[in-house]
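The stops below go from the whole chain to single residues.

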Amino acid sequence: MSRIPTLSSPFLLGFDEVERALDRVMKGSDGYPPYNVERVSVPGQPDRLRITLAVAGFTRDQLDVTLEEKELVIRGRQIDETDRVYLHRGIAARQFQRTFVLADGMRVIGADLKNGLLSVDLVRPEPERVVRRISIATDE
């Protein structure tokens, strides 16, 4: 079955890379760990975005936050402890990777782990408006 491009309008030119990034993100989203994305207002500063992931049971050393090109990639790796004997095991050691595609100009300003919640703050400074007149050549 062929897929209809989401950015197929003839008025949207050069967005092929965005479409490929959207495909990558959609394929890698299995719902774990759950997350929130919120807008955070700081007086006198541009609005921030905060991504918060529920990572209960993960330590700082088991989490990795990286910026790869325009993608924020958050990974978690837990190792099974083989020396434990479980009578019932309802909490499995898990690995995950969650990817967020960032728009041009977005900057990661920090990450914090508190009470099983990993928060990553991002900011996009207000872009300056640029208007450029294009001269029209004639065939004379």
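What does the accessible surface of the protein come to, and what percentage of this surface belongs to carbon and sulfur atoms? The surface comes to about 11500 Å², and carbon and sulfur atoms hold 52% of it; the areas are from the Shrake-Rupley method with a 1.4 Å probe.

This is a predicted model, in which local features need pLDDT of at least 70 and side-chain atom pairs count only at pLDDT 80 or more, while totals for chains, interfaces and linings use all residues. Residues are numbered from 1 along each chain as its sequence is written, and side-chain values use heavy atoms, with hydrogens and water left out.

**Whole chain**

Select the C-alpha trace. Along its principal axes the trace spans about 90 × 50 × 20 Å. The radius of gyration is 21 Å, whereas a compact globule of 140 residues would have one near 14 Å; the value is taken over C-alpha atoms, and the globule rule is 2.2 Å times the number of residues to the power 0.38.

Switch to a cartoon. Helices (H or I, at least four residues) and strands (E, at least two) are DSSP runs, numbered from the N terminus.

Colour by burial next. Of the 140 residues, 22% count as buried (under 20% relative accessible area; exposed is over 50%, partly exposed in between, with a 1.4 Å probe and protein chains only).

**Asp-121**

Select residues 117–123, which form strand E7, and pick Asp-121 within this strand. Is Asp-121 buried or exposed? Its relative accessible area is 11%, so Asp-121 counts as buried. Show the side chain of Arg-50: a polar contact of 2.6 Å joins it to the side chain of Asp-121. A polar contact is a pair of N or O atoms within 3.5 Å; within protein, one must be able to donate a hydrogen and the other to accept it, and residues adjacent in sequence count only if both atoms are side-chain atoms. Beyond four places in sequence, the contacts (heavy atoms within 4.5 Å) of Asp-121 include Arg-48, Leu-49, Val-108 and Ile-109.

**Arg-94**

Move to the loop between strand E4 (71–77) and strand E5 (95–101), where Arg-94 sits. Arg-94 is partly exposed because its relative accessible area is 36%. Beyond four places in sequence, Arg-94 is in contact with residues including Asp-30, Tyr-32, Phe-58 and Arg-77. Finally, select Pro-33: its C-alpha atom is separated by 9.8 Å from that of Arg-94, with the two residues 61 apart along the chain.
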